[in-house]
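Please read the numbered points beside the sequence and the model.

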Amino acid sequence: MIMLMILSLMMLVISNLFMMISFIISKKSLLDREKCSPFECGFDPKCLARIPFSLHFFLITMIFLIFDVEIALIFPLIPTFKMVNFLIWYKTSFFFIIMLLIGLYHEWNQNMLNWVN
């Protein structure tokens, strides 16, 4: 019992010692100009607040959300491959992949993937 208490006390002292050493060694510059300035979607916060907003930020967000949801729907198809009928699994996965490709083609056709100011 005493040995266990001594061991746990040693572990506590060693972990606290490592935390103090890492705190002393780490160099955090709180006066760094880049770290102190806010970053808002690529805009300089020190200039006018009413500058026109580029819709490409919004479009990139929407593209990400669409493809993210599609990928989240495709992931469960992988483990169910051996449990379901192959023809149904093939049709479902083919449908999702075709939807992704149609969405990618539409975005490419509308020049949403080209960054223009």
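**Note on the predicted model**

1. I14 lies in helix α1, which covers residues 2–25. The model in which this residue is placed is a predicted one. I14 has a relative accessible area of 42%, and because buried means under 20% and exposed over 50%, the residue counts as partly exposed.

2. I14 also belongs to a nonpolar patch on the surface.

3. As to the overall fold, the protein chain contains four helices and zero strands. Its pattern along the sequence is therefore written α-α-α-α.

4. Helix α3 comprises 20 residues, 55–74.

5. Which residues of α3 are buried? They are H56, I63, E70 and I74. Viewed down the axis of α3, these residues fall within an arc of 60 degrees, so they line one face of the helix. In general, an α-helix has 3.6 residues a turn, so residues three or four places apart point the same way. The partner against which the buried residues of α3 pack is α4 (86–109).

6. For the protein chain as a whole, buried residues account for 9% of the 117 residues. The accessible surface amounts to about 11000 Å², and carbon and sulfur atoms contribute 76% of it. Of the contacts between residues at least 6 apart in sequence, 45% join residues at least 24 apart.

Terms used
Residues are numbered from 1 along each chain as its sequence is written. This is a predicted model: local features need pLDDT of at least 70, side-chain atom pairs count only at pLDDT 80 or more; totals for chains, interfaces and linings use all residues. Side-chain values use heavy atoms; hydrogens and water are left out. Helices (H or I, at least four residues) and strands (E, at least two) are DSSP runs, numbered from the N terminus. Buried means under 20% relative accessible area, exposed over 50%, partly exposed in between (1.4 Å probe, protein chains only). Contact means heavy atoms within 4.5 Å. Accessible areas come from the Shrake-Rupley method with a 1.4 Å probe; for residues, only the protein chains shown count as cover. Patches are made of residues with over 30% relative accessible area and no salt bridge: like charges are joined within 9 Å, nonpolar side chains (Val, Leu, Ile, Met, Phe, Trp, Tyr) within 5 Å. A salt bridge is a side-chain nitrogen of Lys or Arg within 4 Å of a carboxyl oxygen of Asp or Glu. The expected span of a helix is 1.5 Å times one less than its number of residues. The arc is that of the directions from the helix axis to the C-beta atoms.
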